[in-house]
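The structure is shown first, and the description follows.

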Amino acid sequence: MEMRIFILPLHQRTNSGECLCCAAIFRELDVLEFAGALQQLSDSGCSSLVHLSIGLLPHVGLMKTLLNARPRLTSLCVEFQTAIWGPQFNLDHAGTAEPDTSELPLEKLTMKIIQLQTDLHFLTSVLRRSPHLSSLHIAGMRLPTGCSQSQLLNTLSEFNHSLKALTFEDIKLCDCLPDILKLLRGCMLEELSFNDCRLLEMCINPEKSLVELVAALKMPSLHSLSLAQNRLANNVCVLAELFSGQSQSSLKQLDIRSNFIQPADLLEFAKRLMIHPPPHRLTLDLRKNPGDRDPETWNSALKRLQPSSFLLVEGWKSTDTMVDHISNM
C-alpha cells in the first residue's frame, strides 16, 4: 500500500492538540531534521512513502536533500520562498561535491518558486536523473539578468522523453522559441500549458512566430492546450490553423483567457474555424477578454463558434479589461 504525506508549516498548536496551518515557511533546520527522518525510514525498509507535498521551503537546494533522503519518491510537490529568509540558505554545493547521477523514479514534479533569481543547475540536475518523468509543472522561476530558459528546455528535450503533461506558469520564454519547437517535435505531450509566459513579447514578427508554434503543436497526442495571458490579441486568428491542412490537431481543450482579444479578432478566428472545424467538439475558454468593446460583433463570433465549441465566457467590463491589460504589460 502506498503512503501519501502532505506537509504544511505549522503556525501554532492549541491546547487541545489541533494544528493550525498558515503561510509561514520551514526553517533550514526543520527541513534537515525532516530529511533525516525520511532517511531513517528509507534505511529501515519500513516506509512505502512515494508521494510528498511540502511547502514553504527557504531554498531550492533543499529539494535535492529531500530527494536523496527518500530516493523512491514518484511524486513531489514543493514550494520555495527565499524572500523572507534571504539567499544565504544554499545547500547545493555542487561546485565542490561529486554530482549525483543516480536515477530517480520521479514521475510527477510540481514546483512553485517565489524568489528573485534562481540557479537552473539544481533543477536540470534533477531532470537529468528522472527519465520516467511524465508530469512537470513549474511556476514563477526567475533567472539572473542575461540568462535564458533554453537550458531547461534543452534538458527536457534530451532527458525527459516520457513527458505527457507540461505546465509553465509565469516564466519568461519569449527568447526560447527555437528550443520550444525542438521540445515539441521530440515528445508526445497530451497536456501543455504556457500560462503567462510572454511567448511573443520579443518577436520581431509575432504572427510568423505563432505560425511556427502552431505547426509544432499539431501533434496527434495533444488534447489540452493553454495559452492564457500571452497577449495574443489580434494574432489569435492564427490558432485556427491548428485544424487546417493534412496534419490536423486533435485538441479537445483550448484556453485563451486574458489575451486582450478584441471582438473583431475573435470573429475572424471564428470564421476561419468554420472553414476548418476541429475534429472534436472543442472546449474553448474565452474568459477575461474585452467582449464588451463591441457586444454585437462579440456575440456574432460566439454564435459562429457554438456549433464546433463548448464556450466558457463571462461578463466583462472595459475597466476590468484595462486593469488586466496593464497587468500584462
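Cysteine 176 is buried, with a relative accessible area of 0%; buried means under 20% relative accessible area, exposed over 50%, and partly exposed in between, with a 1.4 Å probe and protein chains only. The model is predicted, so local features need pLDDT of at least 70 and side-chain atom pairs count only at pLDDT 80 or more, while totals for chains, interfaces and linings use all residues. Residues are numbered from 1 along each chain as its sequence is written, and side-chain values use heavy atoms, leaving out hydrogens and water.

**Cysteines**

A disulfide is a covalent bond between the sulfur atoms of two cysteines. Here it is taken as a pair of cysteine sulfur atoms within 2.5 Å, and the count comes to zero. Cysteine 176 is in no disulfide: the nearest cysteine sulfur, that of cysteine 174, is 7.4 Å away. Cysteine 203 is in no disulfide either, with the sulfur of cysteine 174 as the nearest, 7.6 Å away. Cysteine 203 is buried at a relative accessible area of 18%.

**Aromatic pairs**

The whole structure holds two aromatic pairs. Rings of Phe, Tyr and Trp (its six-membered ring) pair if their centres lie within 6.5 Å; planes under 30 degrees apart count as stacked, over 60 as edge-to-face and the rest as tilted.

| Pair | Centre to centre | Angle between planes | Type |
|---|---|---|---|
| Phenylalanine 80 and phenylalanine 122 | 6.5 Å | 80 degrees | edge-to-face |
| Phenylalanine 168 and phenylalanine 194 | 6.2 Å | 20 degrees | stacked |

Phenylalanine 168 lies in strand β8 (residues 165-169) and phenylalanine 194 in strand β9 (residues 191-195), so this pair ties together parts 26 residues apart in sequence. Helices (H or I, at least four residues) and strands (E, at least two) are DSSP runs, numbered from the N terminus. Phenylalanine 168 is buried at 1% relative accessible area, and phenylalanine 194 is buried at 2%.
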